[in-house]
Amino acid sequence: MKTTPDPKIPTRQRLLLTARELFHAQGYSATGMAQILREAQVNSGSLYHYFKSKEDLLIGVLELYRDNIWPMLIQPVVERHSDPLDRVFGLLEVYRAQLLGSEFQSSCPIGNLALELSEFQPRARELIEANFEQWRTIVRGWLLDAADQFPPSTDLDRLATFILTTMEGGVMLSRSYRDVGPFDAAVLSLRDYLQHFESNRDGEAVGAPSREKGKKS
């Protein structure tokens with residue numbers, strides 16, 4: 001993999017963009033500081049002026065993801081789809097397109113880091129959680145906008161979490177099999193599940209997560 005940083009980009013930003021690309025492509029542990037310096041076209045003195053360690057650079061990358069989820073990922077979906085449930089599936093389609101476009105090399109970068117990083121990196125794990133939570137909150141907002149399609153007792157928080165796990169699991173399986181089929185199957189099952197809500201919105205949907213814990217069907 002070879003990055004081509006624009007020398008006009010400020011040094012700190014160039015380091016973050018290069019590290020983000022390398023961490024995503026080959027993993028955090030497999031990426032050395034020398035490679036980041038070489039591909040960012042930055043000397044070590046400049047690097048350590050901005051980041052004291054590789055972990056500090058990782059924190060910067062995770063903050064970059066957190067601060068740019070809207071313009072990078074969400075805004076294009078919102079501009080393309082006006083219906084809130086279409087936005088949910090439009091967001092999943094982004095990941096599908098990335099899988100195909102990268103020949104199954106691309107994945108959710110936050111999911112990759114969540115699997116790789118140690119419990120002894122608490123600040124990084126806090127930022128991973130914040131990234132997931134932001135994604136989940138946005139999806140929950142779309143579900144809330146479509147609330148009239150769900151039974152009143154539907155727990156939208158749990159449903160948003162279910163959609164997140166559908167995406168992460170579908171991406172992981174499709175990368176493993178190098179086949180978009182598992183991702184498509186997961187999304188199709190999600191569509192079927194949501195159709196149960198629509199067909200039962202005046203009562204309890206089949207398998208619907210309820211806001212009332214322990215409620216018997």
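## A guided tour of the nonpolar core and the loops

Begin by selecting Leu91, Tyr95, Trp135, Val139, Leu143 and Leu159, the residues with the most contacts inside the largest nonpolar core, which has 62 residues. A nonpolar core is a set of buried Ala, Val, Leu, Ile, Met, Phe, Trp, Tyr and Cys residues joined through side-chain atoms within 4.5 Å. Buried means under 20% relative accessible area, exposed over 50%, and partly exposed in between (1.4 Å probe, protein chains only). Next, colour the helices α1, α2 (33–40), α4, α5 (84–101), α6, α7, α8 and α9 (181–199), each of which supplies at least two residues of this core. Helix α4 gives the most to this core, with 11 residues.

The model on display is predicted; local features need pLDDT of at least 70, side-chain atom pairs count only at pLDDT 80 or more, and totals for chains, interfaces and linings use all residues. Residues are numbered from 1 along each chain as its sequence is written, and side-chain values use heavy atoms, with hydrogens and water left out.

**The whole chain**

Zoom out to view the protein, which has 9 helices and 0 strands. Helices (H or I, at least four residues) and strands (E, at least two) are DSSP runs, numbered from the N terminus. Of the 217 residues, 44% count as buried. The accessible surface comes to about 11,700 Å², and 51% of that surface belongs to carbon and sulfur atoms; such areas come from the Shrake-Rupley method with a 1.4 Å probe, and for residues only the protein chains shown count as cover. Among contacts with a separation of 6 or more, 66% are accounted for by residues 24 or more positions apart. Contact here means heavy atoms within 4.5 Å.

**Inside the core**

Return to Val139 and display its neighbours: leaving aside residues up to four places away in sequence, Val139 touches Val88, Leu91, Ala160 and Ile163. Then select Val78, which lies in helix α4. A distance drawn from Val78 to Gly90, C-alpha to C-alpha, spans 8.6 Å, although 12 residues separate the two in sequence.

Move on to helix α6 (residues 109–116), where Pro109, Ile110, Gly111, Leu113 and Ala114 are buried. What covers these buried residues of α6 includes α1 (11–26), α4 (54–80), α7 and α8.

**Two buried threonines**

Select Thr18 in helix α1. Thr18 counts as buried because its relative accessibility is 2%. Its side chain reaches the backbone oxygen of Arg14 at 2.8 Å, a polar contact, that is, a pair of N or O atoms within 3.5 Å; within protein, one must be able to donate a hydrogen and the other to accept it, and residues adjacent in sequence count only if both atoms are side-chain atoms.

Now go to Thr154, in the loop between α7 (122–145) and α8 (156–177). Thr154 counts as buried, since its relative accessibility is 2%. The side chain of Thr154 reaches the backbone oxygen of Pro151 at 2.8 Å.

**Two loop residues with positive phi**

Most residues other than glycine have a negative phi. Select Gln41, in the loop between α2 and α3 (44–50): its phi is near 60 degrees, a positive value in a residue other than glycine. Gln41 counts as exposed, because its relative accessibility is 56%.

End at Arg178, found in the loop between α8 and α9. Phi of Arg178 is near 50 degrees, a positive value in a residue other than glycine. With a relative accessible area of 47%, Arg178 is partly exposed.
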